[in-house]
Amino acid sequence: MLHKRSDIDRLTDTVRRLTSEISRNQFPAETADRRMVAEIIKREIDLDGNAHQNLATFCSTWESEEVMELMAASINKNLIDKDEYPTAAEIERRCVHMLADLWNAPDTHDAVGTSAIGSSEACMLAGMAMHRRWRNRRREQGLPTDTPNLVCGPVQVVWEKFARYWDIELREVGMAPGRYGIDAATMLEQVDEHTIGVVPTLGVTYTGIYEPVAELAAALDDLQERTGLDVDLHIDGASGGFTAPFCAPDLVWDFRLPRVKSISASGHKFGLAPLGVGWVLFRDAAELPEELVFHVTYLGGDMPTFQINFSRPAGQIIAQYAGFLRLGREGYAAAHGNSYRTAQHLAEQLPKVGPFELIYDGDPATGIPAVTWKLADDAGVTWTLYELADRLRTRGWQVPAYPLTGELSTQVVQRALIRLEITSDEINTLLSDMAEAVDFLERHPVSVQMTQDEGTSFSH
Ligand SMILES: *Cc1c(COP(=O)(O)O)cnc(C)c1O
């Protein structure tokens with residue numbers, strides 16, 4: 001109970017100290033009340049946008065109470081201490097085997113793969129393995145290995161990181177009118193004997209569209225027949241690895257294609273696990289060069305590990321496992337099926353609220369649950385999608401606008417990701433907010449004033 005004047009003084013003093021400029025940048029000298037600290041931090045993080053209106057992120061923004069409980073129960077479990085926490089290690093092993101089954105690996109009893117902190121670490125691991133396989137093959141033939149390259153379409157930034165960190169030339173095929181990803185013809189222009197592999201994306205970041213894996217595999221089979229050149233495929237299935245198997249089971253993109261040597265995916269995107277889990281699987285043991293595997297001894301036992309981190313929380317993997325058991329193929333198909341229907345509803349309604357033209361309409365056979373659009377070429381409006389995104393932000397919506405790549409780098413698009421908890425009711429609210437925003441922008445034309453010094457400034 002706070003009733004004395006001095007108590008209140010002390011309270012305001014503490015709040016002032018905790019929220020002062022100094023306390024943000026200098027290491028605190030004194031202790032503080034734990035509840036007050038938590039309250040102040042909670043208020044601060046509450047200022048971030050609300051997850052329901054965030055149509056920008058691919059990542060999980062909602063978890064069930066059971067998952068929260070499992071996360072809390074495993075908060076002190078360290079995945080790397082396989083001796084201390086053998087159950088966490090066993091659960092990780094089961095998940096790897098389930099994914100080998102889901103992605104049609106040839107031998108699911110001997111699945112080869114690992115968890116990671118996200119797709120980025122998973123891609124990095126797969127990229128390293130791809131580089132080593134290529135280098136080992138070249139060395140055996142007495143050929144030079146100093147100019148490796150990697151061929152891909154418009155990729156997520158992790159592949160630019162991979163290329164820079166490991167000194168590999170990135171041959172990234174840009175977009176062109178009517179072509180939003182890599183295809184067989186553009187791939188073949190880039191591939192040569194120094195190519196460590198080709199990376200198609202299942203769910204391109206810019207558009208949500210799947211790149212044509214089977215077509216690329218067939219073109220590489222043909223290339224090998226004609227020239228002897230044998231080029232591996234790694235599939236970046238960050239999002240699509242957890243949508244295609246459930247909602248487009250006939251799409252052949254995984255280990256059913258012999259040329260697919262590894263697959264990575266984010267458990268914390270459409271895998272529906274909490275933030276902090278990704279997966280990488282290899283076709284079989286032959287595709288993971290032995291020199292990348294570390295054998296750690298735990299009380300006499302041999303534990304092979306292939307990860308960049310050492311200590312890591314086990315909770316996300318345990319929660320991922322719970323999700324696999326709870327949902328199964330049926331549950332994932334139903335959950336994502338809902339998201340696709342909501343995305344298609346948005347795609348159908350969009351052209352009615354403004355001069356929009358769809359680039360991707362949320363079709364489960366060709367991409368992830370998302371919608372991407374541009375201003376119609378004949379829109380004849382004075383505003384851009386950047387201004388629209390800005391107007392929507394005033395209603396709490398995060399629907400990013402950004403340019404495409406290559407020949408389309410002046411084409412601005414807008415994209416909405418439809419995740420598990422986004423309902424069609426919410427999408428209807430978004431649509432009416434969009435109609436209002438379009439009306440506002442029409443009534444208050446954006447005048448662009450440009451001076452040489454100031455660049456561009458907007459006023460309404
Ligand atoms: C999100 C994403 C990544 C990076 O994954 P994280 O899990 O965020 O590390 C890589 N590739 C693609 C295609 C993605 O969508």
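Guide: With six residues, H5 gives the most to the lining of the largest pocket. Helices (H or I, at least four residues) and strands (E, at least two) are here DSSP runs, numbered from the N terminus. The model is predicted: local features need pLDDT of at least 70, side-chain atom pairs count only at pLDDT 80 or more, and totals for chains, interfaces and linings use all residues. Residues are numbered from 1 along each chain as its sequence is written, and side-chain values use heavy atoms, with hydrogens and water left out.

The largest pocket has a volume of about 630 Å³. A pocket is an open set of points on a 1 Å grid over the protein atoms alone, where a 1.4 Å probe fits, with protein on both sides within 12 Å along at least five of seven lines; lining residues have an atom within 4 Å of a point. Grid points are joined across faces, edges and corners, and the volume is the space filled by probe spheres set on the points.

Of the 25 residues that line this pocket, Ala111, Gly113, Thr114, Pro304 and Thr305 are the closest to its centre. Two or more lining residues come from each of helix H5 (86-102), strand S1 (112-116), strand S7 (278-282) and strand S9 (301-305). By class, the lining of the largest pocket holds twelve nonpolar, seven polar and six charged residues; Ala, Val, Leu, Ile, Met, Phe, Trp, Tyr, Cys and Pro count as nonpolar, Asp, Glu, Lys and Arg as charged, and the others, Gly among them, as polar.

The second largest pocket holds about 360 Å³ of space, and H11 supplies the largest share of its lining, six residues.
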